Amino acid sequence: MENNKTKMERFDWTLAFILLLFFIISCIAISSGQTDSRYDTNFFAQQIFWYGIGAFIIAGALLFDPDQYKKLSWYLYGFGLLMLIFLYFAPESIARPRNGAKSWFNTPVGSLQPSEFMKTFLILAVSRLIVDHHQKYIRKTLKSDLFLLVKIGVTFLVPLIFIALQPDLGTGLVYIAIMLGMILVSGISWKIILPTFSIAAIIGGVLIFIMLYLPHLLQDFIGQHVGKHAFERIYSWLDPYSYPSDEGYHLISSLQAIGSGEIFGKGYMGKEVFIPERHTDFIFTVIAEEYGFIGASIVISLYFLLIYHLIKIALETKSPFNAYIIAGIISMTTFHVFENIGMTIQLLPITGIPLPFLSYGGSSLMGNMLAIGIVFSIKFYHKKYMFSSEEDE
Amino acid sequence: MKKKQKRKKKSHVPVRMNILFFIVFLLFSVLILRLGIVQIVQGENYRKQVEQTDEISVSSAVPRGEIYDRNYEKIAYNTPRKAITYTPTINPQPKELLEVAKKLTELIDMGDDKEKVTTRELKDLWLLENNRGDEKVTEEEKRNLNDKEIYQLKLSRITEEDLKEVDLNLASIYWKLYRAPALTPSIVKNEGVTDEEYALVSEHLSDLPGVDITIDWEREKTYDKTFHLLGSVKNIPAEKANYYTSMGYKLNDRVGTSYLEEMLEQVLQGQKSVVKTVTDRSGNVVDTEILSEGKSGYDVVLTIDMELQAEVEKIIQEEILTMIEYPNTETFDSAFVVVMNPKTGEILTLAGKQYNREEKDFIDYSNGTFTYAFVPGSVVKGATVLMGYETGVISAGTVLRDEVMRFKGNVTISSVSTMGSITDLKALERSSNVYMAKIALAIAGGTYTPGGPLIIDTSQIDVMRKYFAQFGLGVETGIGFPNEATGIKGTVKATEPGSLLYYGFGQLDTYTPIQLAQYVSTIANGGYRMKPQLVKEIREPNTNSDELGPIVEEFKPVVLNRVDMKEEWIDRVKEGFWLVTHGSQGTARYYFANEPYDLAGKTGTAQTYDGKGRRTENLTFVGFAPYDDPEVAIAVVAPNAYFEGTRSRYSIANVISRRVLRTYFDLKEKRMKEDVEQSDTSTTEDEEINVTEED
C-alpha cells in the first residue's frame with residue numbers, strides 16, 4: 001500500500017496540466033464557435049460536463065494497473081467488437097443513423113459511438129498480441145515477423161469491416177493509422193515493413209495519379225455511382241473554387257477563416273466567417289481565425305508536447321506492452337490532429353473526424369480520455385515495475 | 001533467458017519509438033508549414049476575400065399592369081398605400097428578430113393579422129421568450145432525447161395559461177419578420193397603416209435595423225361587384241409556391257390568383273427591378289446598387305364592355321327576382337348571358353348570377369358561362385338544318401310532314417303542336433321537333449313508318465357531332481380559361497335509338513353558354529367559328545396617368561374553322577332565325593318583332609332534371625342583330641326555369657335577351673352621340689351635359 005504522498009508523486013501532473021490546457025482552449029473555442037450553430041444546445045456547458053465525465057474515466061482507468069489491462073485486453077477487444085456488431089444489427093430506435101451513417105447508440109446519457117472506445121480496446125489487444133508473439137517467437141525470423149504482421153492485420157481488419165459498414169471513412173482511416181504506427185513499433189523487420197509500406201504507397205500514388213489524370217478508368221472500375229461521390233470529394237479538395245459542392249464551400253470558408261486570422265488573429269468572438277458545424281469538426285478554424293498563426297501554432301505545439309510526453313513515458317517504461325499501447329495512442333492522436341487540422345488548411349480532403357480534446361463531442365472525448373487514462377495508469381504504476389524489474393536484475 | 005529477451009526488446013522499442021516520434025515531428029512540421037503558408041503568406045489575400053463582401057442581387061416588385069375595358073375605362077389599377085417593411089440580414093438570429101419585433105410592437109398595431117397567428121407560432125415564440133422553455137423538461141428527458149424530440153416535448157407542455165403571456169401583436173410581427181427572405185424587403189404591415197404609425201416608425205428607424213417605411217401598391221377595382229371573371233390579386237397561394245418560385249417570384253409577391261388576373265399574370269407582372277446588395281461576411285449590408293430599373297407590367301385592354309356588363313348583371317338579377325314570383329319556379333335560381341361580336345369573337349359580356357333564396361342574395365356565377373353545360377333544346381336547330389343540307393337529306397325548301405311520330409316500342413316524337421307539311425324555314429320559325437327528328441332519322445339511314453320499328457345506324461351520332469363541333473358545340477371554344485367545360489355527350493344505346501333523333505332538337509348532349517354564343521356567331525357571320533377573345537390590346541405602361549401607353553400587341557380576330565356548309569345555306573338558316581323573331585308564327589315574335597334592332601334568333605326549351613333530380617325545363621335563347629350586318633350575338637340560358645310541363649308565361653330567356661340588346665343598342669347610341677359632341681370642338685360643356693341628360 002502506498003501512502004498519499006507517494007500517490008501524489010506517482011500521479012502524472014504534467015499530463016494532467018496538458019489536459020487542463022486543452023480543457024481551457026476547448027471551452028474558449030466552443031463558446032465562440034457555437035454562436036454559428038443552429039442547434040439549441042449550449043455546447044459550451046455540455047463540453048464542461050463531458051470533461052467532468054472524462055475526469056471520472058481517468059480516475060476509473062487509474063484503478064487498474066497495466067498488468068490487469070493486459071489480462072483484460074482480449075475481453076475488452078471482444079466487448080468492443082460485440083458492440084460494433086450489435087450496432088450493425090441494432091434497430092434504428094436505439095441506433096438512429098445520422099447523415100447516412102449508423103455509428104451511434106442512443107443511450108440515456110447521450111449518443112454513444114462504440115468505434116471511439118474500440119480504438120483503445122484495439123490498441124490494448126494488439127499490444128498484448130505483439131508481446132505474446134515476441135514471447136513465443138523469441139528468435140525473430142522473417143517468417144515469424146510476417147506471421148505477426150498477418151496477426152496484427154487480421155485483428156484490425158475485423159472491427160474495420162464493421163466501421164466500413166456504418167460507413168465511417170474517418171474512423172476507418174484512424175484505425176489504419178493506428179495499425180501502421182503499431183506495426184512500426186512492433187519490431188517487425190524493416191525487410192518486411194519497407195517493401196509492404198512502399199507497395200502500399202505506390203498503389204496509393206498510382207490511384208491518385210489515375211484519379212487526377214485518367215479519371216474515367218477508375219470510375220468505370222468502381223462504378224459510376226459510388227465513384228462520383230469520392231471523386232467530387234477529391235476534386236472539391238484540390239480545387240474548391242471550381243467544385244462548389246458542400247465540401248468545396250466548407251473548404252473555402254475554412255481557408256478564408258484561417259487565412260484571414262493571419263499572424264495575430266481577430267481576438268475572442270472576433271470571427272467573421274460563417275462555417276457550419278464549427279464547434280465540432282471545424283473547431284480549429286475558430287482557434288486559427290481568432291488567435292492567428294501564433295495561437296494555432298501554440299495549439300499544435302501543445303499536441304506535440306503531449307506526444308513528446310507520451311514518448312517519454314514509453315521510453316521510461318520498461319514494459320514493451322506499455323510502449324506498444326503508447327505507440328498506438330500516439331498514432332491515433334497524431335492522425336486525428338493531422339487529418340483534422342490538415343483538412344481545414346487544404347492539406348488533406350475533408351473527412352468527418354474530430355480534433356482530440358478540443359472538438360465538442362462526448363464519445364470522442366471519452367474515448368480519448370480512456371486512452372489517456374491508461375497512460376496515467378502506466379505512469380502511475382510503472383515505478384513499481386521498475387523497482388521489481390531492477391530487483392529482478 | 002529473460003534478460004536476453006529484454007535486451008532484444010530494448011534493441012527495437014526505443015529506436016522504433018524514436019522513428020515514430022520523428023514521423024510525428026515531420027507531420028506536425030508540415031502542419032505548421034502549411035498553416036504558415038495559409039495564414040502568413042496568403043493571409044492578406046484571404047483577409048481581402050473576407051472583407052471583400054458578397055454581392056447578392058435582389059429583385060423587387062414593380063407596379064402591376066392596369067386593366068381597361070374596351071372603352072378604355074380603367075377597371076383594375078393600383079393605389080399607393082403606406083407600408084412598413086423589413087429586410088433581414090443573411091442569417092438573422094431569432095433573438096435579434098425578437099428584439100426588433102419588441103420595438104415594433106410598441107409602434108404599430110397589426111390589426112386583423114393578430115388573429116391569424118397560430119397556436120404553434122405562439123408556442124414557438126413563448127419558448128423563445130422563456131429561455132427556450134428549459135423548465136418544461138427534466139434533466140433526464142434532456143439526456144434521453146435528441147434536440148428535436150425535446151423541442152416537441154416542450155411544445156406539447158406549453159399550457160393555455162402560458163400562451164396568454166404571449167402578446168399577439170408581438171407574435172404577429174415576429175413571424176412576419178421571421179418569414180421575410182434574406183435581403184428582400186418584405187411587408188410587415190401594409191393594410192391600414194395610420195399616419196401616426198407611419199410617422200412613429202419613421203422616427204425610430206435608426207433603432208430598428210432592417211425596418212423601413214415605403215409605399216406599397218394595392219390592387220383596386222373600379223367595379224367592385226361587377227365582372228367577377230376579372231379575377232383577384234393575392235399573395236402566392238401555398239399550393240402554387242413551387243411553380244411561382246421556379247419562375248423567379250419571391251414568396252411574398254402578389255400574383256393574380258383567379259381568372260383574368262391569373263391568366264394574364266405574365267403580361268401584367270412586369271420585370272422586377274434588380275438591386276445588387278453588397279454585404280460583408282457577417283451579412284451586414286454595405287452598399288446597394290440598382291442593376292436594372294425594372295419595368296411596370298403591361299396594361300391590358302379587355303374586350304369586355306364594363307358598362308354593358310354591369311347592366312347585364314343588373315338585368316339578370318332583376319329578371320331572376322321577377323321569374324321566381326311565378327308559380328312552379330321553385331327549381332329556378334340562375335341565369336347566364338354571353339354577348340359577343342360575331343364577326344371578331346370579342347366578348348362584350350360574360351355574366352351569370354345565382355340567387356340564394358334563403359339568404360335573399362345573389363352570388364356571382366359568371367364562370368358558369370364556360371363551366372356549366374346543360375341541355376340546350378331547340379336553339380341548336382339551326383345547326384341541325386345546316387347538317388341536313390350538307391348531308392343532302394334535305395335541301396332549301398324541302399317539305400316534311402310534322403306529325404306525331406310513333407315508333408314501335410313506345411317512342412313518340414312530337415312538336416309543340418302538329419304542324420302538318422312544313423318547309424325548312426317554317427320548321428325553324430315554329431320550332432318543329434319532328435322536322436329535325438326526320439333530318440336526324442334520314443342521316444342515320446332510317447325511314448319512318450307509323451308504328452314501325454326504329455331501325456337506324458346509331459354510330460351516325462358521331463358524324464352528327466362532327467358537324468355540330470364545327471359550330472363549337474361540344475368542343476372547347478378557345479376562350480382560354482383553364483377549366484372550360486365542353487359538355488356531356490349523351491349515350492345513344494342500341495336499345496334506345498330514339499335518343500339519336502332527340503339530338504336533332506337539342507335534347508341529348510349538353511353545351512355551355514359560351515358554346516351557344518360561338519354557335520350563333522358562326523351562323524351570324526356566315527360560317528366562321530371565331531375564337532372568343534377577352535383581350536383586345538396589350539399596351540406599354542402609361543407614364544402619364546391620363547393617357548394610355550402605345551400598343552404592344554393588338555389581338556386580331558381568329559377564325560378557328562370555316563364550317564363545311566355553303567354560304568347560301570347559312571343565309572337560309574339566318575332567314576329561318578329571322579322568321580323566329582318576325583314571322584307570323586315565329587316563336588319569339590312577341591318579344592322581338594317590333595324591336596328596332598332587327599334581331600334574328602332561336603328560342604329553346606329543353607326537358608331536363610335539376611340537381612335534385614326534379615324534372616324541369618331549361619329556357620334558352622340565341623340570336624344576333626342586326627339581321628343584315630350582325631354586330632352583336634347573344635346567348636342566354638335560364639336552367640331549370642320551372643317544373644316540366646308547367647310552362648310559365650314568363651319566357652325569361654327571351655325577356656333577358658330583349659333587355660340586354662336594348663341596353664347594348666342604347667349604349668351604342670349614347671356613345672355615338674358623345675363622340676359627335678367630343679369631335680365637335682365648338683360644343684360647350686353645358687351642351688354636353690344637356691345631351692347626357694337627354695339620354
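These legends accompany close-up views of a predicted model.

**View 1. Chain B as a whole.** Chain B has 24 helices and 24 strands. Of its 695 residues, 51% are buried. The accessible surface of chain B comes to about 32400 Å². Carbon and sulfur atoms hold 49% of that surface. Among contacts in chain B with a separation of 6 or more, 72% join residues 24 or more positions apart.

**View 2. A nonpolar surface patch with residues from chains A and B.** The patch consists of A:I263, A:F264, A:I294, A:I298, B:L33, B:I37, B:I40 and B:V41. Together these residues have about 760 Å² of accessible area. Helix 1 (2–41) of chain B and helix 12 of chain A each supply at least two residues. Helix 1 of chain B gives the largest share, with four residues. B:L33 sits in helix 1 of chain B. Its relative accessible area is 59%. B:L33 is therefore classed as exposed, the cut-off being over 50%.

**View 3. The salt bridge between A:E289 and A:K266.** The structure holds 44 salt bridges over all chains. One of them pairs A:E289 with A:K266. The closest N and O atoms are 2.7 Å apart. A:E289 lies in helix 12 (residues 283–316) of chain A, and A:K266 lies in the loop between helix 11 (246–261) and helix 12, so the bridge ties together parts 23 residues apart in sequence. A:E289 has a relative accessible area of 0% and is buried. A:K266, at 23%, is partly exposed.

**View 4. The salt bridge between B:E44 and B:K48, within helix 2 of chain B.** Side chains of opposite charge can pair when their charged atoms come close. In the pair of B:E44 and B:K48, the closest N and O atoms are 3.8 Å apart. The two residues are four apart in helix 2 (residues 43–51) of chain B, so about one helical turn separates them. B:E44 is partly exposed, with a relative accessible area of 41%. B:K48 is also partly exposed, at 48%.

**View 5. The salt bridge between B:D195 and B:K82.** B:D195 pairs with B:K82, and their closest N and O atoms are 2.6 Å apart. This pair links distant parts of the chain, 113 residues apart. B:D195 belongs to helix 9 (residues 195–203) of chain B, while B:K82 belongs to strand 3 (residues 74–86) of chain B. B:D195 is exposed, with a relative accessible area of 54%. B:K82 is partly exposed, at 28%.

**View 6. A patch of negative charge on the surface of chain B.** B:E567, B:E568, B:D571 and B:E575 gather here. B:D571 lies in helix 21 (residues 567–582) of chain B. The relative accessible area of B:D571 is 37%. B:D571 therefore counts as partly exposed, since its value falls between the 20% and 50% cut-offs.

Conventions: Residues are numbered from 1 along each chain as its sequence is written. Chains are lettered from A and ligands numbered from 1 in the order in which they are written. This is a predicted model: local features need pLDDT of at least 70, side-chain atom pairs count only at pLDDT 80 or more; totals for chains, interfaces and linings use all residues. Side-chain values use heavy atoms; hydrogens and water are left out. Patches are made of residues with over 30% relative accessible area and no salt bridge: like charges are joined within 9 Å, nonpolar side chains (Val, Leu, Ile, Met, Phe, Trp, Tyr) within 5 Å. Accessible areas come from the Shrake-Rupley method with a 1.4 Å probe; for residues, only the protein chains shown count as cover. A salt bridge is a side-chain nitrogen of Lys or Arg within 4 Å of a carboxyl oxygen of Asp or Glu. Lys and Arg count as positive and Asp and Glu as negative; His and the chain ends are not counted. The place of a charge is taken as NZ of Lys, CZ of Arg, CG of Asp or CD of Glu. Buried means under 20% relative accessible area, exposed over 50%, partly exposed in between (1.4 Å probe, protein chains only). Contact means heavy atoms within 4.5 Å.
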